[in-house]
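My notes follow in the order I looked things up.

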Amino acid sequence: MALETCGSCLSCLLVPLALWSIVVNVLLYFPNGDASYVASYQHPNYVWYFEGICFSGVMILLLAVILIALECNAFYRCCQSESCNKTYRVSLSYIFASMLGVAFSGYSCIIFTLGLIQGPFCNSSSGWDYIFKDTVGGYLTNYSAWSQCAEPANAVEWTIILLSILMTLSGLQLIICFLKAAAELKRALCGTYSVFIQVTKDLR
C-alpha cells in the first residue's frame, strides 16, 4: 500500500540520483581536481564506459520522466470494468520502463564494482598501470600500499570515494526501479482479478 501511495515520490527520487550520478562520473575525469589528465587520456578504462553518465545518468533520467508521465495518466488506476485495454497498456509500459531502469542501473552497479576491485590507473615505479589489479580488491584495506601511486595525487582515495558513491547511487536506482516494477505488476494483477470477478458476476 505504501508503494502505491508514494509511487510518484520514488519516481521523482530517481531524478536527483541520476543527476548526481552524472556529476560524480564527470569528477572521475579530474583525479584530485586536476584537469591535465583529461588531455593525456590517463584514465581507468571503466571511465570510458560512460555508465555513470549514460546509463545511471541520462537513461535513468529519461525513464524517470516517462514514469512520472505515466503516473499522471488519467487511466492509471486499478481497473474495475471490462474496458481496461488502455489501463493495461499503461501498466505494461510502466513495467517495461521500470525493468529497463533495473537493467541500466544494474549494469552500472556491476561496472562500478569491477572498477573498484580493479583499482585506479596511476603512475608508480613501474610506470602507468593498474598496480592493484591482482589484489582483487585487497588494496582497499591495505592503506600502506596506496603510496605506491605517485601520480595523480590521492588517486586511490579519489577513485575509492567516487566509485563508492556511484555504486550507492546506482544501487538505490536499482532498488527503486525494482520496487516500482513489482508494485505495478501487483496493480495490474489487481485489475485482472477485478475484471474476472465482475465478469463472473455478470454470467450469473
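In what order do the elements of the protein run from the N terminus on? I read off α-α-α-α-α-β-β-α. That comes to six helices and two strands. I took both kinds of element as DSSP runs, numbered from the N terminus: helices are H or I with at least four residues, strands are E with at least two.

**Ground rules.** This is a predicted model, where local features need pLDDT of at least 70 and side-chain atom pairs count only at pLDDT 80 or more, while totals for chains, interfaces and linings use all residues. Residues are numbered from 1 along each chain as its sequence is written, and side-chain values use heavy atoms, with hydrogens and water left out.

**Whole chain.** I looked up burial next. Of the 204 residues, 42% count as buried. Buried means under 20% relative accessible area, exposed means over 50%, and partly exposed is in between (1.4 Å probe, protein chains only). The protein exposes about 10,800 Å². Carbon and sulfur atoms supply 69% of that area. The areas come from the Shrake-Rupley method with a 1.4 Å probe, and for residues only the protein chains shown count as cover.

I also checked the contacts, meaning heavy atoms within 4.5 Å. Among contacts between residues at least 6 apart in sequence, 74% join residues at least 24 apart.

**Core.** Which residues touch the most other members of the largest nonpolar core? I found Leu14, Tyr139, Val156 and Leu163, in a core of 37 residues. Helices α2 (7–27), α4 (51–71), α5 (85–118) and α6 each supply at least two residues of this core. α6 gives the most, with nine residues. By nonpolar core I mean a set of buried Ala, Val, Leu, Ile, Met, Phe, Trp, Tyr and Cys residues joined through side-chain atoms within 4.5 Å. In soluble globular proteins, nonpolar side chains tend to be buried together.

I then followed Leu14. Leaving aside neighbours within four places in sequence, Leu14 is in contact with Ile60, Ala64, Leu67, Gln173, Ile176 and Cys177.

**Cysteines.** How many disulfides does a search of the whole structure find? It finds one. My cut-off was a pair of cysteine sulfur atoms within 2.5 Å. The pair is Cys122 and Cys149, with their sulfur atoms 1.9 Å apart. Cys122 sits in strand β1 (residues 122–124), and Cys149 in the loop between β2 and α6. They are 27 residues apart, so the pair links distant parts of the chain. The torsion about the S-S bond is about -55°, so this disulfide is left-handed. A disulfide is a covalent bond between the sulfur atoms of two cysteines.

Is Cys122 buried or exposed? Cys122 is buried, at a relative accessible area of 0%. Cys149 is buried too, at 10% relative accessibility. I noted two further cysteines. Cys109 is buried at 19%, whereas Cys12 is partly exposed at 41%.

Ser124 is buried, with a relative accessible area of 14%. Not counting residues up to four places away in sequence, Ser124 touches Ile131 and Gln148.

**The β2–α6 loop.** Most residues other than glycine have a negative phi, and most peptide bonds are trans. Where is Pro152 found? Pro152 is in the loop between β2 (127–129) and α6 (155–203). A cis peptide bond joins Glu151 and Pro152, with omega about -5°.

Asn154 lies in this loop too. Its phi is positive, near 55°. Asn154 is partly exposed, at 42% relative accessibility.

Val136 is in the loop as well. Val136 is not a glycine, yet has a positive phi of about 50°. At 62% relative accessibility, Val136 counts as exposed.

**Surface patch.** Val136 came up again here. Ile110, Leu114, Ile117 and Val136 form a nonpolar patch on the surface, with about 380 Å² of accessible area together. Patches are made of residues with over 30% relative accessible area and no salt bridge, joining like charges within 9 Å and nonpolar side chains (Val, Leu, Ile, Met, Phe, Trp, Tyr) within 5 Å. A salt bridge is a side-chain nitrogen of Lys or Arg within 4 Å of a carboxyl oxygen of Asp or Glu.

**Last check.** I placed Ser164 in helix α6. Ser164 is partly exposed, at 28% relative accessibility. Ser164 and Thr113 are 51 residues apart in sequence and 8.2 Å apart in space, C-alpha to C-alpha.
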